Amino acid sequence: MATIRLLLNDRPATIAAPAGLSTLAWLRGERQLTGTREGCNEGECGACTVLLGEAGTGGVRYRAVAACLLPVGELAGRHLVTIEGLNPPAGLNPVQQALVDEGAPQCGFCFSGFVVSLCGFLLASDDFSVGDAVASIDGNICRCTGYASILRAIDTLCGGMRGRIDPVAPRAPQLVDAGILPRHFADAAARLAALDALPAADAADLPLLGGGTDLLVQRRDPLAQGEARFVSRRPDLRTIAAEGHRLVIGGGVTITELTASSAALAAVPALGVMGPLFGSTLVRNRATVAGNLVNASPIADLAAVLLAADAELEIEAAGGARRRVALENFFLGYKRIDLSAGEIVRAVRVPLRVADAAFSFEKVSRRRILDIATVTGCLRVVLKDGVVTDARLAVGGVAPVPLLARGAAAALVGRPLDAAAVRAAADALDAEIAPIDDVRGTAAYKRLLARRILMAHALTLAPGALRCGELL
Amino acid sequence: MKSDDRILHVRGESVFVDDLPAPAGCLEAAVLGSPVAHGRIVRLDVTQALAVEGVAAVLTAADIPGENQTGTIILDEPALADGAVHCVGQPVAVVLADSATVARRARKLIELEIEALPAVLDPREAAALGHHIIPPRTFACGDVDGAWAACAHVVSGRADSGGQEHFYLETQAALAVPAENGTLLVHSATQAPTAVQRVVARVLGLPMHAVQVDVRRLGGGFGGKEEQATPWAVLAALGAQATGRPVRLVLDRADDMVMTGKRHPYASDWTLGLDADGRVLAWEVVYYQDAGATADLSTAILERTLFHSTGSYFVPHVRATAHCCRTNVFPNTAFRGFGGPQAMFVIETALAAAAHELGVPARDLQRKNLLSEGATFPYGQAAEDCRAARCWDAADRAFGFAALAAAAEAHNRSDDRFARGVAVMPVCFGISFTNTALNQAGALVHVYQDGSVGVSTGAVEMGQGVARKIRRVAARTLGVPEARVHVETANTARVANTSPTAASTGADLNGEAARLACLQVAERLRQVAARELDCAADALTLHDGGIHRDGAPTPLGWDALVNKAYWTRTDLSAHAHYATPRLGFDRASEKGTPFAYHVYGTAVTEVTLDRLLGTYRLDAVRLVHDAAASLDRATDLGQVEGALAQGLGWMLMEELAWSADGRLLTDTAGKYKVPDLDFMPRTLEVRFLEDPNPRAVMGSKAVGEPPFMYGIGAFLALADALRAARPDLPGPTTAPLTPERTLMHLAAPSAPETTP
C-alpha cells in the first residue's frame, strides 16, 4: 500500500489506503470530515464536491471535483480542500453569506457542495459573471429549493465580487487578502513543494486511470482495494500542440481543458457547443479525452465530435512504440476497441483547419445538462458555392459503437444543403442505424431522433436557406 | 451558538444520521433484497456470508423475537420476508459487519433460491384480477346518472400519471445503539418517530418505553420517510439487539432506489359533462392506483385522491371511484401531495380536452367553474373563506392570462420550428390528516434558569423550516428574541404519541401545541411579575424581552423574571396538547368535515416546444399563492419554489421504468433524472395572498404540499404547444411528458377523420 502525502485543508496529511479508494470514503470514514456528503456515489449530485489544487506554473490551480469519483491516489502532492477548509474561523464567507441571506438552505444536505462549487467559481471565473457562477453549479443537484433562492444568492454574490479582484493577478492570494478564503490558499504552493510527495514509479501492470469518472462508478469496490496508475502523472499526455497539419491533443487532457483551448476550438468549433452539454463541471474537470474514447460508450458526446472532425489516435505500446489508427476504425463493436493490453491512447490528432468546413453538434437527452444522451451527433460539411463537397456525420446512441454514418454523409455530397438533400440523407441514415430499446428511449424514438438531429444540423449549417417547415 | 440551521448547512456542520460519529464497536449493515418480483422462497442459506471475516451476524425472519410486522394501516408487511416475496427489493436478510464494504461483499454470498410466481405490474390488470388491497371506494354527490341528459357536451378519455422517486439527497438511514437492560436508542431519519418506536418495539418484542427514537433532522423527506424510514430503523435495532453492538444502516443510492416505494402511478378513466355555457354539470372518474405489493399508506393516499377528484372546481353531480390495486412492485408510498396531484391531473386533463372540443380557451372553462364561497365538495364539506377566485383573479390582473395567450398565438403564426404554449393551473388543497385521529400534537417547553428556552415537539425538521416556525411561535408567545429559543430534536421520550410530520400539518399542529405550552409558562410568569410589580396580572404582557404593563415597559426584564420565578418555586416547564377542532369524517357515508381549511393558488406557465426535436424549455411560471399570514416569508417562498420544481419534474422529466419481470430499470441517479437548475423556468415569479387564516397558528397556512400541483400547469402548457403544433390530434393524456413523448406525439400520424 502506497503512502500518499497531501495537503488537506490547512495541514499536511498522510493516507495509508489503496490508491483506488474514493476520496469521499476516506474523508468520511477516516477523517470524520462529514461536511462532504454521500448523495449518490456516482458523480450525479455534487453533494461531495471538493476542490483539488494542483501546483503548476501559475501557482496552484483549483478545480471543483466530485470526491466520490476521485481516487485517493490522485491526492499525492496535491491540495485537497473540503467545506471545512473553506469555512472562515468565525462567520461566513461571501458565498455562504449570500445563501444564508436569501434563506436558501432547506434540508441542507447538498449545500456544502454548492458552497464548494461556488468557491471554485470564485477561484476560476474571469469576470464573476452570473453565467459563470450558474455554470459552476451545473453538477450540483438540490431536491428542496427549486434553485430560485440559489440564483438570487448568486446575483448578490456576483454583484458584490465585481471590482474587488484584479482579474489578471493570481487569484487565490487576492481572495485570501480580501478575507474571502482562508490563509492556507496563500501558501499552498510552497507547502506542496515541501511535501516531497512524488509517488514512486508506477508498476506498468496496474490499472491506468484517466479521470476515473466512469471507472469509479462501474468498479467501485474492486478499485477501492487496489493500487492504480494515473494519467495525470504524465505531463506529456496533458498538452495540446500543433504538429504539421494536425492538432495533437494529449490523451490526459481533461474535457475542461479541451473545451477551453482556443486551438482546439479553432480546429473543431463543435467542441464549444458540446462543452456545457458534456457531463457537468465536476465531471469535465476530471474526465479525460482518452478516457472518454477508451470507455467506448456508443453515446459518448466527444466521440461523435471527433469522428466528424476526422480524428486519428496515436497509440503507445508499453515499450513506447507508437501507431496511429483512424478513430472510425478504433471502435470495433459494443465496448470493444482496437487497443491491446499495455497500450494506451497517447493522443488524439485532428486536422488543424479544413477550408470552408463548418460543424454542427446536437444532443438530445431527457435532461439537457448532466445527462447521458439518447442520441448525440455531429456533422462537418465543407460548403463551396453553396454545394456540399465533403461531409462527415457521426451519430451516437443508434449503433453498438459511435457511428460514422457514411451513407448519410454521401447523400449530402455534390448537392446544395436543401430539403431534398437532407431528406435523402435522413433516409440513408435510417438504413445504416440499428438503435435498441433501453432506459434512454425506445428504438423507434431514437430512429426518429437521429433523423431529426440530422435536420437540425442542416438548419444550423444552412441558416436562411432552409426552413424547418420544409423538413417536417 | 449559531441561531439558525442555515448557517450550519452552508458550513457543512449540520449533523445527519450518517454524520454521527460511530460509537465504539459499531457495525454497518447491508440488506439483501429479493431479486424476484413474486415467488416462494425455496432455500435461504447464510452460512457462507456468515463465514466472511468481519461479519458479525446475518439475520433472517427466523431471528425476529417479536412480531415480524412493520405495517401501519394494514398489518401486511413483514420486516424480513418469511416464505414468500412480493416485489423486487423486499428485504430478505440483513448482514452486519465491521464495514459496509464487507457487509456488501458478504451479502453476495447469501444463497437464496426463489420459485418464481406470476407477477402483475399493471394496476388495471390487477383490478381486473381482483387484486385489491381494500374494496373500491366511491365518493358521490348529486345524481350523476341523471345529469348526462342535461349536458350539452359530454367528453371522455383516459389520463395516466407516472410514479416519482423521492430522491431525497440523504438516503434512508438509522443508527441503533443498545443501552442497559435491553433498551435502545435509535437515531432515525424518519418523519414518524412514534411509528419507528412502535414498530421497533413490536418487532423486537419490547414495550415502547424501552425504545427511544431521536430525530435531529432529515436530508429531505417529501413523504418518502413517513412510512418507509421505519423498516431500516427496525433492521438496525434488530441487529443491535441481536449483537449487543451499535448498528448503522444507511442505504446506498442504488439500494435506496430499488428498496423504497415511490409516488403512486395512477391510470384513470373519466367522463365530463358540461352545459351549453361551459358549466361542468357532471364528473365521473375511476382511478386505478398502483399500490405495489403491500398496503403501506396506499389506502389513505387513495382517500385523498377521492377528496381532490374535482380539483379547484364546483361540480354538482359527481361519482369518483378508486381502486387500490395490489401489484408486484415495491410498495408505493407518501409523496408530497399524497394522491391529490394524481386527482387534479385527471380533471385538468379532462377540462383541457373539453375546451379543445368546444373550441374555447381552457382558462375560460376553468374560471367559470372555480369554487366559490359556500360551494360544497362532493364529500359534504363547504368551501369556507374560499380563495379560489381571489387567487385566480389576482394572478390574472398581475400577469394577464389573455395577453400571454395572445402573444403565444402570434408567435406560433410566424415561427415554423418553435411553438409556444400557455396554461393556467388553479390549486385547491385540503389541510389536515384525513385520518382525523392524527390531527393532534404535543409540545414540551422548558424555560431554564438563565432565561434560555427549549422547545420539544413531535415535528421533524426536514428542510421545510418547521423548527424555525416553532421557534418564532415560541419567541412571540414568550416575548423573547428568537435567539433565546432552541428547538430540540424530536424525541419520543420527551414528546410521546406523535403523528408523523406530514400532510403539510407540521407547523399547524406542533406550532399550536408549542404556543399553548408557552402560554402556560407565560401565564405563570405574569403571576410572578404581578407580585413583583404589585399590580394585576391582567395588565401585564411578556414583550420584547421583558414585562410590559399596560403596553409600556417595566424595569422587570425577562432574565430577572425567570430567576425570580425559579426562586419562588414556580414551574417553568409546560406540556400542552393540541387537537384540531371541528374535524370529523364518516366513512360509511363518505361525508364529513375532513379538513380544517383549504389552501388555494393559481399559476400561469409558458413553455416553448421545438417541433423538430421534441425538446422544450420552461419559459416562465408566475403564480399567486395563498400563504396567509406567513410565519416566515423566506421559508414559505422556498417551499413554494421547491414544491413547484418537484411538480415540474413529476409532470415532465421524472420517469420510472421497470423490466417485464418487475425489476426497476431506472435504478441509479444516472438513469433517473430530477430537475437541475437549467431545467427550471427562466422566469419564476411568486406572489403571496396574505389574508390571515383564522384556522391555523397565528393566522398562517400550511405550505408544504399545495404548490407541488402548480407543476401540472407545465403539462397543460406543453399540451397547449402540442395542440398548436398538431391541431389535428387530441392532446396528450400521459405524464410525464418527456421529450420522447412530445416528439412521438409531434410525429404521430393524423387521427382518422371521425364523423360527429
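**Close-up views of a predicted two-chain model**

**View 1**

**View 2. The pairing of β16 with β27 in chain B.** Strands of a sheet pair through backbone hydrogen bonds, in either a parallel or an antiparallel sense. For β16(B) and strand β27 of chain B, residues 597-610, the sense is antiparallel, and the pairing extends over 14 bridges. Within this pair, Phe418(B) is placed opposite Asp610(B) of β27(B).

**View 3. Helices α17 and α18 of chain B.** Helix α17 of chain B, residues 633-653, packs with α18(B) at an angle of about 40 degrees, and the two axes are 7 Å apart. This angle makes α17(B) oblique to α18(B). On the side of α17(B), the contact is made by Gly647(B), Leu648(B), Met651(B) and Leu652(B); on the side of α18(B), by Ile712(B), Ala714(B) and Phe715(B). Sorted by class, the residues of this contact between α17(B) and α18(B) are 6 nonpolar and 1 polar, with no charged residues.

**View 4. The largest nonpolar core.** This core comprises 431 residues, and those with the most contacts inside it are Val305(A), Ala29(B), Val95(B), Ala236(B) and Val445(B). Helix α15 of chain B, residues 506-533, gives the most to the core, namely 12 residues. Neighbours within four places in sequence aside, the contacts of Val445(B) include Val453(B), Val455(B), Ala474(B), Ala514(B), Ala517(B), Cys518(B) and Val521(B). Ser573(B) and Ala574(B) are also among the residues in contact with Val445(B).

**View 5. The side of chain A that touches chain B.** Contacts between the chains involve 61 residues of chain A and 60 residues of chain B. On chain A, at least two residues each are supplied to this side by α2 (94-101), α3 (111-124), α5 (148-161), α9 (220-224), α19 (443-461) and α20 (468-471). Helix α19(A) gives the most, with 7 residues. The residues of the side of chain A that touches chain B comprise 33 nonpolar, 16 polar and 12 charged.

Terms used. Residues are numbered from 1 along each chain as its sequence is written. Chains are lettered from A and ligands numbered from 1 in the order in which they are written. This is a predicted model: local features need pLDDT of at least 70, side-chain atom pairs count only at pLDDT 80 or more; totals for chains, interfaces and linings use all residues. Two strands pair if DSSP finds at least two bridges between them. Helices (H or I, at least four residues) and strands (E, at least two) are DSSP runs, numbered from the N terminus. A nonpolar core is a set of buried Ala, Val, Leu, Ile, Met, Phe, Trp, Tyr and Cys residues joined through C-beta atoms within 7 Å. A residue is buried if 20 or more other C-beta atoms lie within 10 Å of its own, exposed if 12 or fewer, and partly exposed in between; C-beta atoms are placed from the backbone. Two residues are in contact if their C-beta atoms, placed from the backbone, lie within 7 Å. Ala, Val, Leu, Ile, Met, Phe, Trp, Tyr, Cys and Pro count as nonpolar, Asp, Glu, Lys and Arg as charged, and the others, Gly among them, as polar. Axes are lines fitted to C-alpha atoms, for helices over the stretch in contact, and angles run from 0 to 180 degrees between N-to-C directions. Angles under 35 degrees count as roughly parallel, over 145 as roughly antiparallel, 65 to 115 as roughly perpendicular and the rest as oblique.
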